[in-house]
Structures are given as structure tokens and as C-alpha cells.
Amino acid sequence: MGNIVAIVGRPNVGKSTLFNRLTERRDAIVDSTSGVTRDRHYGKAEWIGIEFSVIDTGGYTVNSDDIFEDEIKKQVELAIDEATTIVFLLDVTTGITDHDEAIAGFLRKSDKPIIVVANKVDTNDRILPASEFYSFGLGDVYCISSSNGGGTGDMLDALVATF
Ligand code: GDP
Ligand code: MG
């Protein structure tokens with residue numbers, strides 16, 4: 001079956017953008033206004049010769065403004081069941097929200113490896129604000145920009161080390 005990486009996070013943190021970058025495809029459709037993702041949710045990725053599958057969990061969410069805790073729970077539980085490793089994606093431009101806290105709560109109950117990732121760190125001045133994500137107590141925070149690819153190499157090194 002191979003290693004499976006699930007990208008978990010509330011709507012608009014950049015799950016589909018990261019999925020597209022990791023899989024080097026345009027299969028997951030990014031809608032900048034609503035965070036709606038359609039079509040494929042599974043893709044193949046590779047780093048330093050190690051192949052793995054990626055799940056974009058955002059596809060289960062239809063309306064980003066109307067997400068309920070039950071739905072988050074369902075998504076995260078599914079991801080935890082299926083995945084070898086979970087990428088917990090956060091948005092440095094908004095900081096921690098109630099939905100992020102809810103997801104962190106579910107992830108804390110999991111035995112699977114979790115990589116905490118601060119997305120939208122497009123510039124160096126966003127590295128320091130991203131340190132607030134250490135407060136989840138889920139381990140090191142990797143700063144990336146899914147838009148320009150910054151930081152993704154270090155994140156991928158940590159990711160494949162969990163396999
Ligand atoms: P999802 O709902 O979690 O799948 O998020 P999307 O991938 O649809 O992205 C939501 C919005 O954030 C879109 O407008 C993206 O262009 C934007 N976005 C994603 N990654 C980055 C990033 O690294 N930097 C910036 N500035 N914007 C990003
Ligand atoms: Mg999406």
C-alpha cells in the first residue's frame with residue numbers, strides 16, 4: 001500500500017495549494033474565494049527517491065464558512081485512520097482559530113506522527129509569528145510557502161523521516 005500523507009486543516013489554510021505542489025499536478029482545483037476543492041483528492045508524490053501518496057482532505061468540505069465541529073472530526077478521524085503521517089496545516093496570516101484548536105484536539109488523541117506546518121510564510125518576517133503554533137504541543141513547526149515553495153524541502157525531509 002505504501003506511505004500515505006494526509007493534509008489536515010481548516011478551509012483556506014492552503015491544503016489544495018500544498019497538495020498541488022507536492023503532487024506536481026493540477027488535479028485538486030483551488031477556488032480562492034470559497035476554499036472549495038473538487039475532483040481528485042489523492043495524488044502521488046516523491047522526495048529524495050521516496051514515493052508516497054498524498055490526500056487532500058479539504059475535498060470533503062463544501063462551504064468554508066459553514067463547517068461544523070462534527071464535520072472536522074469526521075475528516076480528521078478519516079485521515080488518522082488512513083494516513084501513515086499527518087500534515088497539520090495552519091495559516092500564519094490568521095494565526096490560531098477555534099477550528100485549529102478543535103483539529104489539534106483530535107490530533108492529540110492520535111498515535112500517528114504529526115508534522116505541524118505553518119503555511120503562507122512567503123517572507124522571512126512571517127517566521128517569528130509562526131512560533132505561536134508551538135503552543136499546540138504537537139512538536140516542531142515547519143514554515144513553508146505553498147505558493148512559492150519556500151521551506152518545503154525541510155518539511156519534506158522531516159516528513160519522509162517518519163516513514
Ligand atoms: P484549502 O481550503 O485549505 O484547500 O486552501 P487553498 O489551497 O484553496 O488556498 C486558500 C487560499 O490561500 C488561496 O487563495 C490560495 O492561493 C492561498 N494560499 C495558499 N497557500 C499560500 C501561500 O503559501 N501563501 C499565500 N500568500 N497564499 C496562499
Ligand atoms: Mg482545498
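A residue is called buried if 20 or more other C-beta atoms lie within 10 Å of its own, exposed if 12 or fewer, and partly exposed in between, with C-beta atoms placed from the backbone. This is a predicted model, in which local features need pLDDT of at least 70 and side-chain atom pairs count only at pLDDT 80 or more, while totals for chains, interfaces and linings use all residues. Residues are numbered from 1 along each chain as its sequence is written, and chains are lettered from A and ligands numbered from 1 in the order in which they are written.

View 1. Helices (H or I, at least four residues) and strands (E, at least two) are DSSP runs, numbered from the N terminus. Because seven of the nine residues of helix α1 (residues 15-23) are buried, the helix is largely enclosed by the rest of the structure. The buried ones are Lys15, Ser16, Thr17, Leu18, Phe19, Asn20 and Leu22, and what covers them includes β1 (4-8), β2 (42-47), β3 (50-56), β4 (85-91) and β5 (114-119).

**View 2. Phe88 and its contacts.** Leaving aside neighbours within four places in sequence, Phe88 is in contact (C-beta atoms, placed from the backbone, within 7 Å) with residues including Val8, Ile103, Leu107, Val117 and Leu138.

**View 3. The loop at Leu128.** Leu128 lies in the loop between β5 and β6 (141-143), and is exposed because 11 other C-beta atoms are within 10 Å. The C-alpha atoms of Leu128 and Cys143, which are 15 residues apart along the chain, are separated by 9.8 Å.

Key. Contact = placed C-beta atoms within 7 Å.
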